[in-house]
Amino acid sequence: MKFETLAIHAGQEPDPNNGAVMTPVYFTSTYMQDGVGKPRQGYEYSRTMNPTRKALQECLAALEGGSYGLAFSSGLAATDTILRLLNSDDHVLAGNDVYGGTFRLFDKILRRFNLDFTFADTTDPESVAEALTPSTRLVWLETPTNPYLRITDICAVAEIVHAHANKPLLVVDNTFATPYLQRPLELGADIVVHSMTKYLGGHSDVVGGAAIVKDKELADKLYFLQNAVGAVPGPMDCFLVLRGIKTLPLRMERHFENATAVVEFLAGHPKVKKVIYPFHASHPQQRIATRQMKNGGGMISFIVTGGKEAALRVVEATKIFALAESLGGVESLIELPAAMTHLSVSGSPLEVNPALIRLSVGIENKDDLIEDLKQALEQA
Ligand code: P1T
């Protein structure tokens, strides 16, 4: 089946008893067993498995071209659980432009458990090769990155990482691209991670995370951790993501169409110093982006000429673009990463330019969005 069909049907079938077309929300924490050690269809407790979550997990696996999907209560819960595959003194090589919360989890929490982290420029495969150490067990990439939208060549990095004697796990956070635009497992990644809060959910009404893998042994280790650590989503959250995913292909096409129009507008505006968008001719990794991604997605970053104060005035002046953290919903959002989503990297080498504005371009009418930005930029 093709992607659009999988998005609607994978893991989901009309209920065999009553024909209900939509996956039921199984609000149950436990399941009656037919005897001791005889759970029905393997269901014994909802931290371990729930039918609504199972449908979502199967759908996620199908969309990413993986074999096994795991759902978590947030993107960071997925990240935290994956890092528990490691042991103390293991080394992790991570991108030097990742979501602020990911950096905070690595730097402020997991370091205390004796994991060692290096943050390197993963857009340059040479830097990845140089930053690997004899203790490296995991390499963490975001592409496109949050918030600079930098692109890493997943195939090139996978080749370097897998040539290392330890066979470190290559993890790709695919939140910005979604499986509709990019499938890291097919490009050599071992684990794909998502904040389902974003494009997968797509309607800013749920927080969730995911991990998808191909390898059975790795999947078994992650299922063990998912159950043992317990950061699982409830059935209603799973239902909302399943429903959101059904329109993922349509939404991603419209996000791209709108973002392309907004990029053109910003690129020609006198108060805009720089526009960053993976499919724009000015992007340094545009060739890799167009090879690795189906379209450029809905995220745009730009720097205004007037610096931090001007950026502050712009983000507070939009009327349709809501001033808010998060991204990937049907509605357009605007934010200042240095002061909001990436405040936790201030003072670190990952610090973000205070004049950088991030847009999550929604699926409204593009002319309305451009009008809104036009009037807001008058305040810059
Ligand atoms: O918020 P949560 O569902 O826990 O996901 C964390 C996360 C992981 N990876 C990426 C690339 C992300 O962007 C995020 C969350 N990001 C935001 C909330 C944001 O506004 O950038």
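Which pocket is the space taken by the ligand? I opened the predicted model to find out. The ligand takes up the space of the second largest pocket.

Entry: I looked up its volume first.

**Entry: the shell around the ligand.** I then turned to the ligand itself. I listed 18 residues around the ligand. D173, S195, T197, S326 and R358 are the closest. I sorted this shell by class: 9 residues are polar, 5 are charged and 4 are nonpolar.

**Entry: where the ligand lies.** I checked the shell against the domains. Domain 1 (3-245) and domain 2 (249-377) both contribute residues to it, so the ligand lies between the two.

Entry: I looked at oxygen atoms of the ligand next. For N146, a polar side-chain atom lies 2.9 Å from an oxygen atom of the ligand. G75 uses its backbone instead: an N or O atom there lies 2.9 Å from a ligand oxygen. I also noted the cover. The ligand taken alone exposes 480 Å², and the protein buries 92% of that.

**Entry: the largest pocket.** I looked here last. The largest pocket has a volume of about 590 Å³. I counted 21 lining residues, with P16, Y26, Q41, Y43 and P51 closest to the centre. By class, the lining has 9 nonpolar, 7 polar and 5 charged residues.

How values were computed:
Residues are numbered from 1 along each chain as its sequence is written. This is a predicted model: local features need pLDDT of at least 70, side-chain atom pairs count only at pLDDT 80 or more; totals for chains, interfaces and linings use all residues. Side-chain values use heavy atoms; hydrogens and water are left out. A residue is near a molecule or strand if one of its heavy atoms lies within 4 Å of it. A polar contact is a pair of N or O atoms within 3.5 Å; within protein, one must be able to donate a hydrogen and the other to accept it, and residues adjacent in sequence count only if both atoms are side-chain atoms. Accessible areas come from the Shrake-Rupley method with a 1.4 Å probe; for residues, only the protein chains shown count as cover. On a 1 Å grid over the protein atoms alone, a cavity is a set of points where a 1.4 Å probe fits but cannot get out, and a pocket is an open set with protein on both sides within 12 Å along at least five of seven lines; lining residues have an atom within 4 Å of a point. A molecule sits in a cavity or pocket if more than half of its atoms lie within 2 Å of its grid points. Ala, Val, Leu, Ile, Met, Phe, Trp, Tyr, Cys and Pro count as nonpolar, Asp, Glu, Lys and Arg as charged, and the others, Gly among them, as polar. Domain bounds come from an automatic or database domain assignment. Grid points are joined across faces, edges and corners, and a volume is the space filled by probe spheres set on the points.
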